[in-house]
Amino acid sequence: MKRVAQYALAGLLLVSSTPVRIPSPQENPDGAAAALPYPEHYRETMTLYAVVDRPDGMVRKLYVSQSALKAVQSKQPYPTSGDALYVIENYRAQSANQKYLLDAQRHMVPKDIPETIHVMQRRANKAGAMDNWNVQSFFYNTGEIEGRANLFECWACHVSAEKREFVFSRPVLQRFLASGQVQRWDCPKINRQLCDQHLDPP
Ligand code: HEC
């Protein structure tokens, strides 16, 4: 119910004539969290563009919203109305006898549902700020917020993708756009350390 109310509010704000100023978590944690509710139905409304396997048994699926995709495609700035979103699903891989199960293409097989999803939402620019995205982590099965503390960790890490507007996987999204193929990406490093695929082509 709460989420429905938040959506209705966001809808009203979007049709009003004054541009919406979405607060950052640093300015106003509650306002920022309210502007970034659980992205209901994202699997239907957003585009899957990459799946990343990591040797520590994590599989991650990456989705982009239509407005963010259009912005990258047309090399325009992301819209700041609240609907430029990225979602990454964090799955554990299935295993048996202490080995990860592999499919016919030798990719890891994710469990049925992700444990959490991480979301980024482009917000309006604030001069001098590096936090022009709202971030949030949700439990997939309940839609509850995972906890505020890790939001600072998100930035501590995503700041190294500043040149790509804080989106690590932008080169991968560009390859998806060029090929029309969901990018399946085996990163040889654990956690979320960077691999070659994160880097812009020379
Ligand atoms: C230690 C570094 C690190 C931390 C901490 C981290 N991320 Fe990421 N994130 C990455 C990397 C690297 C990728 C690219 C996908 C991959 O390689 O797994 C990524 C991908 C994403 C994406 C998809 C868009 C993109 O940038 O490619 C979103 C959304 C995202 N992270 C949100 C979050 C949120 C929200 C948090 C905190 C709750 C968080 N991340 C914490 C490194 C990190």
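This is a predicted model: local features need pLDDT of at least 70, side-chain atom pairs count only at pLDDT 80 or more; totals for chains, interfaces and linings use all residues.

**Strands, cores and a pocket**

Reader: How many bridges join E2 to E3?

Author: Seven, and the two strands run antiparallel. Strands here are DSSP runs of E, at least two residues long, and helices are runs of H or I, at least four long, both numbered from the N terminus. Two strands pair if DSSP finds at least two bridges between them.

Reader: Fine. How many helices and strands are there?

Author: Six helices and eight strands. Starting at the N terminus, the order of elements is α-α-α-β-β-α-β-β-β-β-β-α-α-β.

Reader: Back to E2. What joins E1 to E2?

Author: Seven bridges, again in an antiparallel arrangement. Leucine 48 has tyrosine 63 of E2 as its bridge partner. E1 and E2 make a hairpin with three residues between them, and glycine 57 in the turn has a positive phi of about 80°.

Reader: Is E2 buried or exposed?

Author: Six of its seven residues are buried, so E2 is largely enclosed by the rest of the structure. Buried means under 20% relative accessible area, exposed means over 50%, and partly exposed is in between, using a 1.4 Å probe and protein chains only. For the protein as a whole, 40% of the 202 residues count as buried.

Reader: And E7, buried or exposed?

Author: Six of the seven residues of E7 are buried, so E7 is also largely enclosed by the rest of the structure. E6 and E7 run antiparallel and are joined by seven bridges. Methionine 120 stands opposite valine 135 of E7.

Reader: Which residues have the most contacts inside the largest nonpolar core?

Author: Tyr49, Val64, Tyr78, Tyr86, Met120, Trp133 and Leu173, in a core of 25 residues. Such a core is a set of buried Ala, Val, Leu, Ile, Met, Phe, Trp, Tyr and Cys residues joined through side-chain atoms within 4.5 Å.

Reader: Which elements give two or more residues to it?

Author: E1, E2, H4, E7, H5 and H6. The largest share, four residues, comes from H4 (66-73). Another core lies apart from this one, with ten residues, including Leu36 and Leu85.

Reader: What covers the buried residues of H4?

Author: The cover includes E1, E2, E3 and H6. The buried residues of H4 are Ser67, Ala68, Leu69, Ala71 and Val72. Lysine 75, which follows H4, has a positive phi near 50°.

Reader: What does tryptophan 133 touch?

Author: Leaving out residues up to four places away in sequence, its contacts (heavy atoms within 4.5 Å) include Tyr78, Tyr86, Met120, Arg122, Trp155 and Phe166.

Reader: New topic. How much space lies in the largest pocket?

Author: About 810 Å³. A pocket is an open set of points on a 1 Å grid where a 1.4 Å probe fits, with protein on both sides within 12 Å along at least five of seven lines, and lining residues have an atom within 4 Å of a point. The volume is the space filled by probe spheres set on the points.

Reader: Which lining residues lie nearest its centre?

Author: Ile88, Asn90, His118, His158 and Arg192, out of 33 lining residues. H5 gives the most to this lining, six residues. By class, the lining has 17 nonpolar, nine polar and seven charged residues.

Reader: Where does arginine 106 lie?

Author: In the loop between E5 and E6. Arginine 106 has a positive phi too, near 65°, and is exposed, with a relative accessible area of 63%.

Terms used: Residues are numbered from 1 along each chain as its sequence is written. Side-chain values use heavy atoms; hydrogens and water are left out. Ala, Val, Leu, Ile, Met, Phe, Trp, Tyr, Cys and Pro count as nonpolar, Asp, Glu, Lys and Arg as charged, and the others, Gly among them, as polar.
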